[in-house]
Structure formats: structure tokens, C-alpha cells
Amino acid sequence: MASPPAPRRVCVTGGGGYIASWLVKLLLSRGYAVHATVRDPSDPKNAHLCRLDGAAGNLRLFKADVLDPDALAAAIAGCKGVFHAASPVPSVKVADPESEVLAPAVKGTLNVLQACSANNVQKAVVVSSTSAVHFNPNWPQGKPKDESCWSDRNLCLKNEDWYMAAKTLAEETALEYAEKNGLTVVTVCPCVVLGPLLQPVVNTSSEFLIYIIKGGPTVMNNMLWHIVDVRDVADALLLVYEKAESSGRYLCAPDRVSTKDLLNILKTTHPDYNYVNCDNDSDLKSIVTPITSEKLKNLGWKPRKIEETLFDSVKYYEKAGLLQDVVGCPCRLPHPFHMATDK
Ligand code: NAP
């Protein structure tokens, strides 16, 4: 009897993170063999990966910092595809932007792509962000932002928006590398990612929704938010990987909502929380203006509705005890969301 075909083997960098954990789960459920890189395989914060269905036979953890090319090469060897998700998403203002954000994002991406070339990887999918899209003051007013819209990296650097600058520079670097070196690279730019967590450590975008629900000390502007479900981001990453025709950049931002409407949706199903205050008088003026995900939808992406994402998020936070007050830990708005308040 012929032996069954070997599973398709792929690598996911930063495998223990919020988005990557859902991606690893999805890949295992589809029969992929997965090499997940984590910085410390013995850290309990990564233990959830080994409990995923299919992990026993098809998941291997590799210790790798993205600034360590040899460790990346060991993890990527033998893989046909690579999903690069590892990148710092700091929740507080960083002290040393170069070492804490810019280098791991930009040099880290280059290291991953060089390891892909050296190991004959067929396609690399890089997780970028709508942070690499929104900060473009020259975009025509009223025109939805699409894949041709890039954040102005010099403006981000000047404003000390290190995360935005890092994501913009990293994505530019990835696509330039692809062009110059003949590697197939597709980038996906998710907006604010919400939904249930698989990992035990609360990530920055989930902290943002927890802040809104628990009610932080600052009043939030009534601005526009683009929100996507973490499970739909995992679907999008796999979709662009599997579709032979995918190319270039894909914006991944299906739903947009004002702060006021976001609060209304939450209050409809969960009226009893002490939600953050919203400045109803502030208008929706912000650098964040509507963006379109038509390119991804045309590839076959079917994201769920924001109501479901928010409902499942709150359900998860309640079950995990994340909405209880902790003495000595005041609720704070994560730093990348500081544009939500003038304070
Ligand atoms: P996350 O849970 O904080 O995951 C980030 C991952 O990057 C962690 O696994 C972290 O590993 C890893 N990492 C950071 N620095 C590293 C380094 N020097 N070497 C190796 N690994 C490193 O956040 P996430 O939301 O899932 O973010 C994943 C990706 O999605 C990032 O590229 C982020 O920019 C992008 N993204 C996120 C959102 C969002 O709203 N969540 C939106 C758009 C784009 P450790 O656990 O060891 O620190």
C-alpha cells in the first residue's frame, strides 16, 4: 500500500502570539505540518500551542529571535511556505525605539525573507498592518484607502509613532526584497484585531477593547475604527498563501465603526459594564478614514460581522476573568491607540 503523502510543511514566526496562535490552529486543522518559532519554548505562555488539536503529530516549536538568522534558518529549513507574524506590538511608550521596535520589525523581516530565499521557500506571507496605510495626509479626501495608499514613514518617525513607522518600513522592505530577489511575498494588512484569545497573555489590541469595556480614566474621541476578527485574519493569511494568483498587498479591514457606535453595539448585549466615556461632540475627523478590503474579498475572503466578534470577545474576557478590577493595575489605553484621546 502506498504511504500517505507527506503533510505540507510551513513555518509561522512568533507562533505563540495572538494572531499567530489562531493561524497555527487553523493550519493544523487543515493538515499542515507547522514549524512555529517562539523566543522561549519553555515559557508557559507558549504552552497552549502544544495543546492544539493535531499539535502532537504536526507541530514543532523552534527557539528563534527574528534578529538571529541562524535560528530562523533552522526553523525555515524544509518549509514550502512561511508566515511572518513576529514583530513587537508594544502596549506602552518604548524607551529605545530602535532596539525595541524598529530593528526587530525591519531587520527581522529581512532576516526572515533571506532565510526563505536560502531555503527555496515558495511563498512568504508577511503580516503588516493598516498602520502602514492610514498615515498618509496626501490621500484624496473622500476616496476609500486601498492597497496603493502607504503611510508616510517620515511623518510617523517625526511624530514618534514608532510602531506605525516600523510596520510601514517593514512592509516596504518586504516588497522591495521580493522584487529584487525574485521571492514570492504577499503582505496582509489587518486593522485592529479583536476576538477570543488562545494564548494566556493579553495582547495589545485586546487590551484596547478591555479598556473600552472596563472604562479607563480618559475620554475617548468619537473617531473611526476598523475592526477585524482574529479568526478572519488567520483565514486571510491562509487564503493568500493557498491562492496561486495572490500577489502584492491585501488590506484586511472589513468593518468600520465610530467609537460611539462601538459602545452602542457592546451595550446592546452587555449593558452592565462601566464603559469608557466618549466625547460625543468631537466629530469623526481623524487620519483614520475608510479603507476597502475588496481585493481580499475578491480572492474569496468572507469575514464575519463585527457584532459576532465583539460578542465572542466579551464572552472570552468574562470567562478568563479579564474584566475584573485588579488592585494596583489601573486600566490604561495601550500606547498605539493614543490618537483616540487628546489627553
Ligand atoms: P502579539 O500577540 O504581541 O504577537 C507578537 C509576536 O511577536 C509575539 O509572539 C512575540 O514574541 C513576537 N516577537 C516580538 N519581537 C520578537 C523578536 N525580536 N523575535 C521573535 N519574536 C518576536 O501581537 P499580535 O497582535 O498577534 O501581532 C502579530 C502581528 O500582527 C504583528 O506583526 C503585528 O504588527 C500585526 N498586527 C497586529 C494587529 C492587532 O490589532 N493585533 C493589527 C495589525 C497588525 P514574544 O511572545 O516572545 O514577545
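Reader: Is alanine 33 buried or exposed?

Author: Alanine 33 counts as buried because it has 20 C-beta neighbours inside 10 Å; the cut-offs are 20 or more other C-beta atoms within 10 Å for buried, 12 or fewer for exposed, and partly exposed in between, with C-beta atoms placed from the backbone. This is a predicted model, in which local features need pLDDT of at least 70, side-chain atom pairs count only at pLDDT 80 or more, and totals for chains, interfaces and linings use all residues. Residues are numbered from 1 along each chain as its sequence is written.

Reader: Where is alanine 33 found?

Author: Alanine 33 belongs to strand 2, residues 33–38 (strands are DSSP runs of E, at least two residues, and helices of H or I, at least four, numbered from the N terminus). Its C-alpha atom is separated by 8.2 Å from that of arginine 60, 27 residues apart along the chain.

Reader: Now the ligand: how many residues surround it, and which are the closest?

Author: The ligand is surrounded by 25 residues, with Gly14, Gly17, Tyr18, Ser87 and Ser205 the closest (near means a C-beta atom, placed from the backbone, within 6 Å).

Reader: Which element gives the largest share of that shell?

Author: Helix 1 does, with three residues. Helix 1, helix 5 (97–118) and strand 7 (192–194) each supply at least two.
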